Amino acid sequence: MADIQLEESWKAALADEFTSSYMQQLKQFLLDRKAQNAVIFPAGSNYFRALDLTPLDNVKVVILGQDPYHGPGQAHGLSFSVRPGVRIPPSLINIYKEIERDLGIAPARHGFLEDWAKQGVLLLNSVLTVEQGQAGAHQGKGWEQFTDAVIRQVNEQDKPSVFMLWGSYAQKKASFIDRNRHLVLKAPHPSPLSAHRGFLGCGHFSKANAFLADQGSQPINWQLPDQVETS
């Protein structure tokens, strides 16, 4: 990971993480898996894509995922997002349904969420790599400690942010957020297995925008552009 060019605000905030023993061990694990011809998603240049697109002082909303998608061509470093031309995953379909119910915004015809990231939505997975066809293959290797540090950095910012915690995994991971400063929104996961238990109808997107407006921040435009541009 020494060759990864990370956005400057995050690079400074996370400097101690990159020199830590657990990150050195994680780096060696990834090198070993590549040497054994494991197919790792996303590409190395996209491991930290969420951080690159959403600098620390730009973070307004945090949406936590668990693992990257493990199918070819899907993962590109943002939670719940897929590359242009890739079929929209079921959880994201339900996210779009709730945005339409909540804000009257018609679902996008693609699943590419970089526009949200550029507006200040940190689309952070807990684990930043996976192997093809093997969900959870890189859990417990150090990524969780790194992304805890990312969440702590957002939590320590003076500027209030919104944390959308969907499902028990995300809610446990971000349990230390200071609710006196930040808005914490909880709901079941948008997966088809659980969305009907309270994700659909949660109103998180309008609640987030109302909070941002109250704080004097520009709300998020959740309407994704029809034409997607990769950068």
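Start by selecting Tyr47, Phe48, Arg49, Ala50, Leu51, Gly77, Leu124, Leu128 and Phe146: together they line the largest cavity. You are looking at a predicted model. The space inside this cavity is about 40 Å³, and the count of cavities of 30 Å³ or more comes to one. Why look for such spaces with a probe? Rolling a probe the size of a water molecule over the atoms shows where empty space is left.

Now colour the lining by residue class. Seven of its residues are nonpolar, one is polar and one is charged. Next, highlight helix H4, residues 49–53. With three residues, helix H4 gives the most to this lining.

**Next stop: the largest pocket**

Select Asp67, Pro68, Tyr69, His70 and Ser91. Among the 21 residues that line the largest pocket, these lie nearest its centre. The pocket has a volume of about 410 Å³. Its lining has eight nonpolar residues, 12 polar ones and one charged one.

The unreviewed UniProt entry lists Asp67 under "active site". To find its place in the chain, look at the loop between strand E2 (61–65) and helix H5 (90–103).

Which residues does Asp67 touch, leaving aside its neighbours within four places in sequence? Show Asn125, Val127, Thr129, Gly136 and Gln139, and you have them. Then zoom in on Gln139: its side chain makes a polar contact with the side chain of Asp67, at 2.7 Å.

**Two backbone details**

Move to Phe41 and Pro42 and show the backbone atoms. The peptide bond from Phe41 to Pro42 is cis, with omega near -10 degrees. Pro42 sits in the loop between strand E1 (40–41) and H4, the helix you highlighted at the cavity.

Now select Asn37, in the loop between helix H3 (21–35) and E1. Asn37 is not a glycine, and its phi is positive, near 65 degrees. What makes these two details worth a stop? Most residues other than glycine have a negative phi, and most peptide bonds are trans.

**Last stop: the whole protein**

Zoom out and switch to a cartoon view. A compact globule of 231 residues would have a radius of gyration near 17 Å, and the protein has 17 Å, so the two agree.

Terms used: Residues numbered from 1 in each chain as written. Predicted model: local features only at pLDDT ≥ 70, side-chain atom pairs only at ≥ 80, totals over all residues. Heavy atoms only, no water. 1 Å grid on protein atoms, 1.4 Å probe; cavity = no way out; pocket = protein on both sides within 12 Å on 5 of 7 lines; lining within 4 Å. Points joined across faces, edges and corners; volume = space filled by probe spheres on them. Helix = DSSP H or I, 4+ residues; strand = E, 2+ residues; numbered from the N terminus. Nonpolar A, V, L, I, M, F, W, Y, C, P; charged D, E, K, R; others polar. UniProt positions renumbered as here; feature names shortened; annotations may be inferred. Contact = heavy atoms within 4.5 Å. Polar contact = N/O pair within 3.5 Å; in protein donor to acceptor, adjacent residues only side chain to side chain. Rg over C-alpha atoms; globule rule 2.2 N^0.38 Å.
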